[in-house]
Each structure stands twice: as structure tokens, then as C-alpha cells.
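Work through the exercises below with the sequence and the 3D structure in view. Try each task before reading its solution.

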Amino acid sequence: MPNELPDAEYARFWKRLQQIGLNAYEARSYLVLVGHPRFKALELAARADVPRQKIYEVLDSLVEKGFAQVVQERTKLFSAVEPSLAIPSYFARRAQALQQELTEQSRQASDLVEDLNTSYSEGQGGRGTLDFLRIVSEPLQTATEYRRMMGEVRNEYCEFSRAPYAIDPVDDQMVREALSRGVRCRLLIEMGTLDDIHRRRLIEFMEAGVEVHQVPSLPLKLTLCDGRRGLLALLDPVITKPTWTAVVFDHNGLGEAMRGLFEQYWQRSVPMPMPGR
């Protein structure tokens, strides 16, 4: 039995060390080192039930990960690094390495998007009959479409706002950026759907210049930019779990119809009250 820990406790620590990133040999070796001042490599191999030909590889990895240290006397000895130092430092290094990897992957992804977009445009061979309409069912893609439109809106932004949101306008700085460009921003909210946090944020929007009105109910989710570009989000009526499918459009006639629908509901709406008024 490597280490004097009771069997159940040893097994629990061994599994937990593997859950945080050590392999089975590393976890056993560290548990033995934790319970003893120091060991020679081959002595540790026997106590930790690690093959002799593997023990130096295991110890090198433990030293690299910050769980073991070398004590140089007449022969090389190994001891455990205190857990309160080893484990936090290990995760700090992993987080740093992961962040560097994600940064590099993000840079490569940006280059890939640019290159693939060029190939995509060339491969489409011109506009199809329904290029002005696209169906998007993935929430992150819907959010990307929303951000793209909000970044390019110049005159007017209108929205039927219903939960759940792919992008929650009260959490999105893009609405404020549109305001700063002189865009008229109008939100229609369903009554009785706001919690206190949501309400406070909408009040902050109103103070910044967004026009917020309320109606008893809305037929769908709608974002409309400059009376031409927008997206409709429709709730799937078949499946049990609520799921939204978005129709992204860039069409003058459809945009005009959606603006007419928005104005009908706006006429029937009431301004969201400001506190103290």
C-alpha cells in the first residue's frame, strides 16, 4: 500500500488528483511523497507501484507540474511540494497556458474566417432567389447576426423584446453605441415579464435616450434596423422545450411590412414608467 493513508481515503485522493490533471502513476507517486520526507526514484517506484522504467518520466512530470522537487544530496532525492502551493500554482500555469492557446486559436480563426469568406463568395456564383432571407437556428449565430446589424444601423432601431434572449438588449453595449451615433432606438417590452434587475437596466437605457414602451403581449421577437434589415425569431410550436428559430432578412418590402407591424403595436403601447414620476 503506497502511503499510510487508509484505503478508502487513499483511493479518494488518488481519484481526485487524476480529476485535476495528474495521471494514475503521478497521483500515486505524489501521495507517497506527501506522506514521507523524501525518496530515491527507485524506492519511490516500489512504494508507489510504478514500473521502474517509468519512474523517472513520472518524477520529471511531477517536477514540471510543480508537485515534486529535487533534493540533491549524495544521490538525487525527491520530495513533495506542499499541496497548498502545488495545486494553486498548477492551475495558475494551466490557466495561463490555456489563455495563450485560446488567443492563438482566436487569431488563426480570424484569418480563417477572412480566407473562407473569400472562397465562399467566389463559390456562390452570384445571388440566389432567396439570398435576402436566411434561417438561423443556432443561438450564437443569431447573436452574431444581431451584432452585425446593430454595428451598421444608421437611422432607426426597433425591437419587439421577449424572453428568452439570444442577445439581451439591456446587457448589450451596442444599443448605447447606436444611440451615440444618433440612431433612434425603440423597445417594446411585454408587461409582467421583467424582474427587478431587468427593470433597473431598462430605466438606465431610458435615461440614456432609448424609448421603452410596454404592451400586454407581443406576437414574436423582432429586430428591425433602418426599416430594411432585421431578424424575426419564431417560437417552435411543436417541441416541448421552447426553441427560437430566426429568419434574417434584408428586403425593403418585408422591412416595410415589419415596420408597419411595429408601429401598430407602438400606437397601442404605454411608456414604461420612470421611478418617481
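The model is predicted, so local features need pLDDT of at least 70, side-chain atom pairs count only at pLDDT 80 or more, and totals for chains, interfaces and linings use all residues. Residues are numbered from 1 along each chain as its sequence is written, and side-chain values use heavy atoms, with hydrogens and water left out.

**Exercise 1**

Decide whether Glu156 is buried or exposed, and find the side chain with which its own side chain makes a polar contact.

Solution. 
- Step 1: Locate the residue. Glu156 is in strand S4, residues 156-161. Strands (E, at least two residues) and helices (H or I, at least four) are DSSP runs, numbered from the N terminus.
- Step 2: Check the accessibility. Buried means under 20% relative accessible area, exposed over 50%, and partly exposed in between, with a 1.4 Å probe and protein chains only. Glu156 has 10%, so it is buried.
- Step 3: Find the partner. The side chains of Glu156 and Arg259 make a polar contact at 2.8 Å. Such a contact is a pair of N or O atoms within 3.5 Å; within protein, one must be able to donate a hydrogen and the other to accept it, and residues adjacent in sequence count only if both atoms are side-chain atoms.

**Exercise 2**

Describe how the rings of Phe160 and Phe262 are arranged.

Solution. 
- Step 1: Apply the cut-offs. Rings of Phe, Tyr and Trp (its six-membered ring) pair if their centres lie within 6.5 Å; planes under 30 degrees apart are stacked, over 60 edge-to-face, and the rest tilted.
- Step 2: Classify the pair. The centres of Phe160 and Phe262 are 5.6 Å apart with 25° between the planes, which is stacked.
- Step 3: Phe160 belongs to strand S4 and Phe262 to helix H9 (residues 252-268), so the pair ties together parts 102 residues apart in sequence.
- Step 4: Check accessibility. Phe160 is buried at 1%, and Phe262 is buried at 0%.

**Exercise 3**

Classify the pair formed by the rings of Phe160 and Tyr265.

Solution. 
- Step 1: Read off the geometry. The ring centres of Phe160 and Tyr265 are 5.4 Å apart and the planes are at 65°, so this pair is edge-to-face.
- Step 2: Phe160 in strand S4 and Tyr265 in helix H9 are 105 residues apart.
- Step 3: Check Tyr265. Its relative accessible area is 17%, so Tyr265 is buried.
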